[in-house]
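Here are some reading notes for a colleague opening this entry for the first time. Please keep the sequence and the 3D view at hand while going through the points.

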Number of protein chains: 2
Amino acid sequence: MSGMDLRTVSRRSVCDEVYDQLAGNIVRGEVAAGDSLLSERRLAEVLGVSRPIVREALQRLAIAGLVEVRQGGSTTVRDYRRHAGLPVLAQLLLPAGSLDLGVARSLLEARLHIGPEVASLAASRAGAALERPLTEVLSQWDGAADPVRQQWHALEFWDLLVDGCGSIVYRLMYNSMRAAYEPLLAALAPTMQGETVSARPLAAAVVAGNATAARSAAHDLLAPTTHVLLEAISALEG
Amino acid sequence: MSGMDLRTVSRRSVCDEVYDQLAGNIVRGEVAAGDSLLSERRLAEVLGVSRPIVREALQRLAIAGLVEVRQGGSTTVRDYRRHAGLPVLAQLLLPAGSLDLGVARSLLEARLHIGPEVASLAASRAGAALERPLTEVLSQWDGAADPVRQQWHALEFWDLLVDGCGSIVYRLMYNSMRAAYEPLLAALAPTMQGETVSARPLAAAVVAGNATAARSAAHDLLAPTTHVLLEAISALEG
DNA sequence: ACAACCTAACTGGTCTGACCACTTGACCAC
DNA sequence: GTGGTCAAGTGGTCAGACCAGTTAGGTTGT
């Protein structure tokens with residue numbers, strides 16, 4: 001049994017499919033901002049689904065900020081750079097199955113800037129209260145066999161820090177950024193492996209309640225892999 | 001005509017109403033994470049709308065990360081702290097018409113930490129290219145009669161900086177944070193008025209391409225109002 | 001020619017009722 | 001216990017209809 005490596009089956013509904021197709025066309029720029037979408041009835045016909053399903057997908061696009069729906073008029077594409085929320089990052093990072101390098105760079109930069117702040121806040125606000133959960137996650141992290149499993153524990157580690165920093169804004173940011181990152185996790189796990197050894201000093205600083213030490217420890221953890229990946233991106237861009 | 005102060009009529013659809021009711025119940029904690037929602041048919045009956053409308057609202061809740069829908073099983077409430085994206089901030093900041101002070105504090109802190117970074121990046125990446133648009137917005141900002149109009153120009157000012165920083169992540173964060181802030185804009189405008197005088201030095205540093213000066217200028221702009229508001233929040237909390 | 005009006009043909013918004021696919025839990029046989 | 005079976009309830013999808021708002025083009029009056 002232990003070697004079977006099962007995972008939950010993906011159960012994509014028709015609505016998911018429609019949403020992904022439309023969202024993909026928008027973020028890949030195949031329809032420009034201001035353009036009108038086909039009418040709901042036409043879309044239903046073209047996609048071979050019923051109109052309620054098209055509408056459900058359009059509702060999702062609308063609250064994501066990718067389209068604007070007006071009764072009587074046609075549904076138009078919005079400029080996602082101006083109106084979309086952070087969760088759209090996931091679509092932008094992997095627009096057509098391949099990584100968008102500019103988006104990836106932007107994500108790495110933000111991580112490097114916000115991560116240390118989160119660690120600092122967690123140290124001053126949660127401090128010793130994080131001792132037990134952090135050591136628990138750290139031991140699992142060290143014990144993890146392959147880099148992918150390590151990465152999952154790394155995310156859980158940051159999850160604790162983000163909770164500890166007591167900021168709902170950083171919490172929600174983390175959720176959106178994590179959701180964008182997870183599809184890449186397996187591919188990036190080997191590179192990220194270097195962060196493992198720096199986690200203990202960070203945890204120690206946080207538990208000690210030393211905000212400045214936590215900030216710099218977090219920077220020390222994030223900076224090396226950040227720079228490696230940024231250089232790799234520069235190289236790929238030519 | 002000039003004194004009529006018209007605004008676009010709000011045209012709330014039934015679906016919007018259902019969404020707001022359900023989202024409000026969730027973020028106000030009136031239903032706990034893990035609880036099951038009523039079935040779609042029951043909700044339709046209770047709310048007096050048709051099932052397709054209930055479904056559209058549920059789709060929106062689902063991609064917002066507030067509920068989880070599973071075919072065959074019941075729709076359950078998720079822990080928004082763990083799964084919701086940044087746009088939910090808008091609902092959390094004004095959950096029942098009155099401000100949530102903890103969320104507001106968190107938002108102010110994040111603004112103070114990220115704003116200077118955005119200014120710094122804009123200085124090093126856009127620099128002189130921002131001269132014309134920034135001076136234009138600044139003149140409008142100064143010329144604005146009342147504090148509310150000033151705030152709208154202030155947002156436009158930051159809009160330019162966020163564009164100039166060349167980071168899609170900060171751009172999307174800004175969109176979500178701005179959307180949460182806008183309903184409060186009128187109430188906070190008098191307090192924010194103090195930021196007006198600090199905008200010119202910030203613009204000058206950015207246009208000069210001086211990243212460190214831009215960072216500190218942005219901090220000088222944001223810090224005073226941030227501290228005033230944080231103290232006001234502390235006072236209100238007792 | 002021009003302006004105002006009006007109508008027809010779109011658009012999205014909502015409803016109804018039906019059927020399918022899936023999950024759950026209870027019951028039953030082994 | 002273990003596994004099979006089944007019924008009830010859930011979400012997933014569909015079809016077709018009608019309401020409500022927008023838009024464009026034609027009509028009318030001047």
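1. **Order of elements.** This is a predicted model. Starting at the N terminus, chain A runs α-α-α-β-β-α-α-α-α-α-α-α-α-α. That comes to 12 helices and two strands.

2. **Domains.** Chain A splits into two domains. Domain 1 covers residues 14–84, and domain 2 covers 95–237. How far apart are the centres of the two domains of chain A? Taken over C-alpha atoms, the separation is 34 Å.

3. **Extent and contacts.** Along the principal axes, the C-alpha atoms of chain A fill a box of roughly 60 × 45 × 40 Å. Chain A has 238 residues, and 48% of them count as buried. Now take the contacts in chain A between residues at least 6 apart in sequence. Of these, 69% join residues at least 24 apart.

4. **Surface and charge.** Chain A exposes about 11400 Å². Carbon and sulfur atoms supply 54% of that area. Chain A carries 22 positive and 26 negative charges.

5. **Helix H2 of chain A, buried side.** This helix spans residues 40–47. Which of its residues are buried? They are A:Glu40, A:Leu43 and A:Ala44. These residues sit on the same side of H2(A), because they cover an arc of only 100° around the axis. Their packing partners are two helices of chain A: H1 (14–27) and H3 (51–64).

6. **Helix H2 of chain A, other side and end.** The face turned away from the buried side of H2(A) carries exposed residues. They are A:Arg41, A:Glu45 and A:Val46. After H2(A) comes A:Gly48. The phi of A:Gly48 is positive, near 75°.

7. **A:Val148.** Look for this residue in helix H8 of chain A, residues 147–164. A:Val148 has a relative accessible area of 28%, so it is partly exposed. Leaving aside neighbours within four places in sequence, A:Val148 is in contact with A:Leu185, A:Ala186 and A:Ala189. A:Arg81 is 67 residues from A:Val148 along the chain. Their C-alpha atoms are separated by 32 Å.

8. **B:His153.** In chain B, helix H8 (residues 147–164) holds this histidine. Is B:His153 buried or exposed? It is buried, because its relative accessible area is 17% and the cut-off for buried is under 20%. Not counting residues up to four places away in sequence, B:His153 touches B:Val137, B:Gln140, B:Trp141 and B:Ala144. B:Leu138 is 15 residues from B:His153 along the chain, with 7.8 Å between the C-alpha atoms.

9. **B:Met173.** Helix H9 of chain B, residues 168–181, contains this methionine. B:Met173 has a relative accessible area of 2%, so it counts as buried. What does B:Met173 touch, not counting residues up to four places away in sequence? In chain A, the partners are A:Leu86, A:Ile114, A:Met173 and A:Met177. In chain B, they are B:Leu86 and B:Ile114. B:Val69 lies 104 residues from B:Met173 along the chain. The C-alpha atoms of that pair are separated by 27 Å.

10. **A:Ala129.** Where is this residue found? It is in the loop between helix H6 (101–125) and helix H7 (131–143) of chain A. A:Ala129 is exposed, because its relative accessible area is 63% and exposed means over 50%. A:Val169 is 40 residues away from A:Ala129 in sequence. In space, the two are 21 Å apart, C-alpha to C-alpha.

11. **To check in the viewer.** Begin with H2(A), and find A:Leu43 on its buried side and A:Arg41 on the face turned away. Then go to B:Met173 and pick out its contacts in both chains, including A:Met173 and B:Leu86. Finish at A:Ala129, which is exposed.

Definitions and conventions: Residues numbered from 1 in each chain as written. Chains lettered and ligands numbered in written order. Predicted model: local features only at pLDDT ≥ 70, side-chain atom pairs only at ≥ 80, totals over all residues. Heavy atoms only, no water. Domains from an automatic or database assignment. Helix = DSSP H or I, 4+ residues; strand = E, 2+ residues; numbered from the N terminus. Buried < 20%, exposed > 50% of the residue type's maximum accessible area, 1.4 Å probe, protein only. Contact = heavy atoms within 4.5 Å. Areas by Shrake-Rupley, 256 points an atom, 1.4 Å probe, with all protein chains shown as cover. Lys, Arg positive; Asp, Glu negative; His and termini not counted. Charge placed at Lys NZ, Arg CZ, Asp CG, Glu CD. Arc of directions from axis to C-beta.
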